[in-house]
Amino acid sequence: VALLRGLNPQKPVYVQAFVSDDVPREFVQTRRTLLNLLREYDSLGGAAVQVRVVPTERYSDAAREAEQNFQIRPQEEVSEEGARARRYDVYLGVAFECGTDEVVIPFLDRKLPVEYELTRSLRVVAQTQRRKVGVLKTDVDLFGGFDYQSMRQNPEWDIVTELKQQYKVVPVNPDQDYPKDLDALVVPMASS
């Protein structure tokens, strides 16, 4: 509530949610929570938060908009209903925009705390400047990259992906002076 009331109406946050009408029963509560929270954010945020909920089905104009503008794609889910399984293409994606900043939640899995994800994304996109976290380069390459020994691409570690959702994350070379503008430094230890 404090975050929403503290937003600047001169710099509004635009929230677009692409949501399926028909979801498996395992996702009914997640969908309901998402829609209720978006209504609440819209109400409490006043002119500083503009919410648009787009009912989205696969191959629709809304689905094309979600994919082209925000890389939001359907998640295929299979639900056991009675004696048979039914396949669903589920959209539960949300995009936040404020000025040139953008944060996208491509899919709200039912295991994620919806309020936390929405509030974090709103806070990140509304800030004029993100805190800066450095990750020291060690034998543990958290940023991933090409491994010349195995001749394959290593993916970025989940911790870096998660940190990037809230902070500006930069690699830090141990052979040089650390940047003075870092708010925190992560040092991965290969031995542990």
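Reader: Where is the place of Thr56, and between which elements?
Author: This is a predicted model, in which local features need pLDDT of at least 70 and side-chain atom pairs count only at pLDDT 80 or more, while totals for chains, interfaces and linings use all residues. Residues are numbered from 1 along each chain as its sequence is written; side-chain values use heavy atoms, with hydrogens and water left out. Helices (H or I, at least four residues) and strands (E, at least two) are DSSP runs, numbered from the N terminus. Thr56 is in the loop between β2 (49–55) and α3 (61–70).

Reader: Is Thr56 buried or exposed?
Author: Buried means under 20% relative accessible area, exposed over 50%, and partly exposed in between (1.4 Å probe, protein chains only). Thr56 has 2% relative accessibility, so it counts as buried.

Reader: Which backbone oxygen does the side chain of Thr56 reach?
Author: A polar contact is a pair of N or O atoms within 3.5 Å; within protein, one must be able to donate a hydrogen and the other to accept it, and residues adjacent in sequence count only if both atoms are side-chain atoms. At 2.8 Å from the side chain of Thr56 is the backbone oxygen of Val54.

Reader: Which residues does Thr56 touch, not counting those up to four places away in sequence?
Author: Contact means heavy atoms within 4.5 Å. With residues up to four places away in sequence not counted, Thr56 touches Phe18, Val19, Ser20, Ala62, Ala63 and Tyr91.

Reader: How many residues has the largest nonpolar core?
Author: A nonpolar core is a set of buried Ala, Val, Leu, Ile, Met, Phe, Trp, Tyr and Cys residues joined through side-chain atoms within 4.5 Å. Leu34, Leu92, Val94, Phe96 and Leu118 have the most contacts inside the largest one, whose residues number 30.

Reader: Is Gly6 buried or exposed?
Author: Gly6 is found in the loop between α1 (2–5) and β1. Its relative accessible area is 60%, which means that Gly6 is exposed.

Reader: What separates the C-alpha atoms of Gly6 and Ala48?
Author: Along the chain, Gly6 and Ala48 are 42 residues apart. Between their C-alpha atoms the separation is 8.9 Å.

Reader: What is the relative accessible area of Met189?
Author: Met189 lies in the segment after β11 (184–186). Met189 is exposed, with a value of 51%.

Reader: How many of the chain's elements are helices and how many are strands?
Author: The C-alpha atoms fill a box of roughly 55 × 50 × 30 Å, taken along the principal axes. Of the 192 residues in the chain, 35% are buried. The chain has five helices and eleven strands.
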